[in-house]
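Here is a note for a colleague who is meeting this structure for the first time. Please read the points below alongside the model.

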Amino acid sequence: MFPLHARHATLSLLLLTAVPFATAPQVHEFGHHIHLVALTNCEAEAATLAYMHANASGSYSPESYMIVKEYEYIAMATEAWFQVSCAQQQQLRQQQNRAVQ
């Protein structure tokens, strides 16, 4: 049986799939699922090293959600990889601009 946090990520992903397109929360939870269930030991170690390097670099504010925990770093990196956060922010800006006009 999967650890509790892996089951939570999987359940969250399944609950969010009612939306017919990929959203940032879906991709974020998918990132948790990949990190907790699908990575080999070598890949998990590389993910840990990437997080440690990012955290030590000082590039992120200590309060940044992305840098608080390794799991969030990987999940948010998954969002960036699939570019869902940027695409949704751009779409929201376009909708707001149309509403103003």
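1. Ring pairs join Tyr51, Tyr60 and Tyr73 into a cluster, where rings of Phe, Tyr and Trp (its six-membered ring) pair if their centres lie within 6.5 Å. By this rule there are two aromatic pairs.

2. Tyrosine 60 and tyrosine 73 make an edge-to-face pair, with 6.4 Å from centre to centre and 85 degrees between the planes (edge-to-face means over 60 degrees). Tyrosine 60 lies in the loop between helix 3 and helix 4 (65-68), while tyrosine 73 belongs to helix 5, 13 residues apart. Tyrosine 73 is buried at 13% relative accessible area, whereas tyrosine 60, at 32%, is partly exposed (buried is under 20%, exposed over 50%, partly exposed in between, with a 1.4 Å probe and protein chains only).

3. The axes of helix 3 (residues 41-57) and helix 5 (residues 70-82) come within 10 Å and cross at roughly 100 degrees, and the two helices are therefore roughly perpendicular (65 to 115 degrees). Their contact (heavy atoms within 4.5 Å) involves Ala44, Ala47, Thr48, Ala50, Tyr51 and Ala54 of helix 3 and Glu70, Tyr73 and Ile74 of helix 5.

4. This is a predicted model, in which local features need pLDDT of at least 70 and side-chain atom pairs count only at pLDDT 80 or more, while totals for chains, interfaces and linings use all residues. Residues are numbered from 1 along each chain as its sequence is written, and side-chain values use heavy atoms, leaving out hydrogens and water.

5. The mean pLDDT of the protein chain (the predictor's confidence in each residue, from 0 to 100) is 78, and 70% of its residues reach 70 or more. Where pLDDT is low, the predicted coordinates should not be read in detail.

Notes. Axes are lines fitted to C-alpha atoms, for helices over the stretch in contact, and angles run from 0 to 180 degrees between N-to-C directions. Helices (H or I, at least four residues) and strands (E, at least two) are DSSP runs, numbered from the N terminus. Angles under 35 degrees count as roughly parallel, over 145 as roughly antiparallel, 65 to 115 as roughly perpendicular and the rest as oblique. Rings of Phe, Tyr and Trp (its six-membered ring) pair if their centres lie within 6.5 Å; planes under 30 degrees apart count as stacked, over 60 as edge-to-face and the rest as tilted.
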